[in-house]
Amino acid sequence: MIIDANNHPDWHKHNLDRFLENMAQYHIDKTWLLSWECPDGEFDPSYHRIGLTGIEGPISFRDCLRYKHQRPEKF
């Protein structure tokens with residue numbers, strides 16, 4: 001079994017379907033999704049989230065749960 005122990009939902013515009021395709025391509029069975037929660041004052045503006053929404057900022061735990069609820073066997 002291969003586990004990706006460090007990944008984030010919607011990375012580089014990978015929606016859930018594209019994320020799962022990437023997992024299949026590299027034979028990854030499960031992925032641990034990580035959030036990045038922090039107050040506005042601790043967010044480094046030089047890091048820009050490259051997500052589907054175009055929002056610059058941290059990755060919410062809610063985004064991780066959205067993937068988990070849709071494909072619990074993968075995340």
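Arg71 and Glu73 meet through their side chains in a salt bridge, with 2.6 Å from N to O; the term stands for a side-chain nitrogen of Lys or Arg within 4 Å of a carboxyl oxygen of Asp or Glu. Both partners are partly exposed, Arg71 with a relative accessible area of 29% and Glu73 at 38%. Here, buried means under 20% relative accessible area, exposed over 50%, and partly exposed in between (1.4 Å probe, protein chains only).

The model is predicted, so local features need pLDDT of at least 70 and side-chain atom pairs count only at pLDDT 80 or more, while totals for chains, interfaces and linings use all residues. Residues are numbered from 1 along each chain as its sequence is written, and side-chain values use heavy atoms, with hydrogens and water left out.

The whole structure holds three salt bridges. Asp10, Asp63 and Arg66 are linked in a network of them. Arg66 pairs with Asp10, their closest N and O atoms being 2.6 Å apart. Because Arg66 lies in helix 2 (residues 61-70) and Asp10 in the loop between strand 1 and helix 1, this pair ties together parts that are 56 residues apart in sequence. Arg66 also pairs with Asp63, the closest N and O atoms here being 3.6 Å apart. Asp63 and Arg66 are three residues apart in helix 2, so about one helical turn separates them. Asp10 is buried at 5% relative accessibility, as is Asp63 at 12%, whereas Arg66 is partly exposed at 32%.

The overall fold can be read next. Two helices and two strands make up the secondary structure, in the order β-α-β-α along the sequence; helices (H or I, at least four residues) and strands (E, at least two) are DSSP runs, numbered from the N terminus. Strand 1 (residues 3-7) and strand 2 run parallel and are joined by three bridges, where pairing requires that DSSP finds at least two bridges between two strands. Ile3 has Lys30 in strand 2 as its bridge partner.

Finally, the surface can be described. Met1, Ile3 and Trp32 make a nonpolar surface patch of about 390 Å². Patches consist of residues with over 30% relative accessible area and no salt bridge, joining like charges within 9 Å and nonpolar side chains (Val, Leu, Ile, Met, Phe, Trp, Tyr) within 5 Å. Accessible areas come from the Shrake-Rupley method with a 1.4 Å probe; for residues, only the protein chains shown count as cover. Trp32 sits in strand 2 (residues 30-33) and is exposed, at 52% relative accessibility.
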